[in-house]
Amino acid sequence: MKWTLLGLLAVVALIASVVIGPAAVPLAELAHSDIVWNLRAPRALLAFLVGGSLGVAGAGLQALVRNPLADPFLLGLSGGAGLGAVLAIALHVSGPWALPIAAFAGALAALGLVYRLGLIGGAALDPRILLLGGVAIGAFAAAITTAIVSLADAAELRNAFLWLWGGLSGASWDTVLVVALYAPIPLAVLLAAARPLDLLALGEESAGYLGADVEAVKRRVYLAASLLTAAAVAVSGVIGFVGLVVPHIARLTWGHRHRALLPAAFLGGGVLLTFADTLARTVVAPRELPVGVVTALIGVPVFAFLLRRWTIA
Amino acid sequence: MIEPLLRLQDVRYRYPSAGQDALTDVSLSIGLGEFHAVLGPNGSGKTTLVRIALGAITPLVGRADIDGRSASSWPRQDLARLVGVVPQREDNLFPQRVRETVLLGRYPHLSLWGRERPEDHAAVDRALAACDARHLGDRWVWTLSGGEYQRVRVARALAQEPKLLVLDEPGISLDLKHEMELFELVRGLVEQEGLGVLMITHDLNLAARFADSLLLLGGGRPIASGAPAEVLTHQTVETVFSWPVTMQTIDGRPQMIPLRKPKEFGA
């Protein structure tokens, strides 16, 4: 029942995103409209894939760092990606893939640094240090980013700033294809780790005694969730709160077993971001809001509500 | 000769950068249907012994074998089908129901993508029944009393269908009735299911009455091992625990009663 409902929501979100837009396309012409076929359809699919990836990455990371309030971007990736993208803008690197590649490289660099910090105490990955290291690396990258932006001229500044808040206007069938080929690998790794993640909720010691290979699971989950987030940020900038709020809402309905939770978080994240993007490109048409603004405007109140629930329970 | 489930042979261990051995020349052998208790004051090496026995750390000297194979070389999932552990502490990050948490004990028997099978649910039922916890199945774990919670954790270890059960101070923070019930439960599992049991405990008297064999550690060294009457004597207990005691006998087992400290003792 709840799966059917979520599936229906996903279909509605995708259809709405294709039908609704600033340019009025008559229903009869939907199927062979250029706007629909080359702009709205790939954008809707990309929003769904990115939102779903962020939802799953968030659910996995929350279990890994043992903190239900963790967001995939807390681990420093957004800072690294932002720095990469802003560097590319400042250096006038051109080409359709310049920004995504620069952002992806920045995110990977941050991932590597944070991962290295996480191993600082020895061979075992320490999730608490991952979290703190992520915040520190993110802040460091953000400082450099701000320094570069403050030296840039006005037009560049606007581009960089908009990029940092996330947007899906760069969507094309190419980006959809790249993400659709890339995302299933880390998604499968996370899904394969679903049961060990259930065990990890009891603590690392207990998880090991119940048969989980704890160190391997932690590494796999961290890397897979980070690679998902890095890809998401590369094609759509920093879209906050999807990875934080969606796993929470999914847990309220699907419980804590990751075999159900992760697929639910994927569909839920897809639905949320597809709706948010539809809003972002229509409410102030013909201009566009960064979709990160919309997810934050929806996400923060939901988050505050959840926080209250969490502290009461 | 049948391999014992667990065998420690002249094990020695020193933590990196520690000044002295945490464990020296300790040997222990546990077979099916045997209940062994390890006793000793704080810092006597009990926890190190368990970590070595479970392969979490490798002894510097000597061997630790489980079912004839070096403990630290076991893949965790294979080991979890043979050894169930009730650790001293654990967290619950997310709220869970009793059945769910016991079902986690089936993890070592499940394939990567497969669902829980009917035999997994049957094993959970058996484990809950064995621990007299069937009626708790739908309760949230956080609503359980201390005694109920320990029974549920034992049930989860039993759901693994192990041959060896390891319990690390399971009676701590339990009241008299619940602690007795827990020891009766463990004793019953040894006698009816033929499990081997390794229990770390501070309770000398209960260990003496329920266990087949005791190992008394002091400062990382084995002070005495064997039948309770041989291990717990006036002399060994006073030496190891640095406190005056008097010994009595109940059901043929030694029982220790601590005395008020006279001024001259230990001077």
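## Helix packing in chain B

Two residues are taken to be in contact if their C-beta atoms, placed from the backbone, lie within 7 Å. In this predicted model, Ala123(B), Val124(B), Ala127(B), Leu128(B) and Ala130(B) of helix H4(B) meet Ala155(B), Leu158(B) and Ala159(B) of helix H5(B). By class, this contact comprises 8 nonpolar residues, with no polar and no charged ones.

Two packed helices are described by the angle between their axes and the distance between the axes. Here the axes of H4(B), residues 118-130, and H5(B), residues 146-159, come within 8 Å and cross at roughly 140°. Angles over 145 degrees would count as roughly antiparallel; H4(B) and H5(B) are therefore oblique to each other. Their crossing is right-handed.

## The sheet of chain B

Chain B contains an open sheet of 6 strands in the order E6-E7-E8-E3-E9-E10, with mixed pairing. Strands E6 (83-86) and E10 (221-226) of chain B stand at the edges with a single partner strand each, so one side of each has no neighbour in the sheet. From one strand to the next, the twist averages 15°.

Strand E9(B), residues 213-218, pairs with E10(B) in the antiparallel sense over 5 bridges. Leu216(B) stands opposite Ala224(B) in E10(B). Helix H5(B) packs on the sheet, where it touches E6(B) and strand E7(B), residues 164-168. The direction of H5(B) makes about 165° with that of E6(B).

## Contact between the chains

Chain A and chain B each bring 17 residues to their contact. On the side of chain A that touches chain B, helices H9 (194-200) and H10 (204-209) of chain A each supply at least two residues. The largest share, 4 residues, comes from H10(A). The residues on this side of chain A divide into 7 nonpolar, 5 polar and 5 charged.

Technical notes: Residues numbered from 1 in each chain as written. Chains lettered and ligands numbered in written order. Predicted model: local features only at pLDDT ≥ 70, side-chain atom pairs only at ≥ 80, totals over all residues. Nonpolar A, V, L, I, M, F, W, Y, C, P; charged D, E, K, R; others polar. Axes fitted to C-alpha atoms, helices over the stretch in contact; angles between N-to-C directions. Parallel < 35°, antiparallel > 145°, perpendicular 65-115°, else oblique. Left-handed = near helix turned anticlockwise from the far one by under 90°. Pairing = 2+ DSSP bridges.
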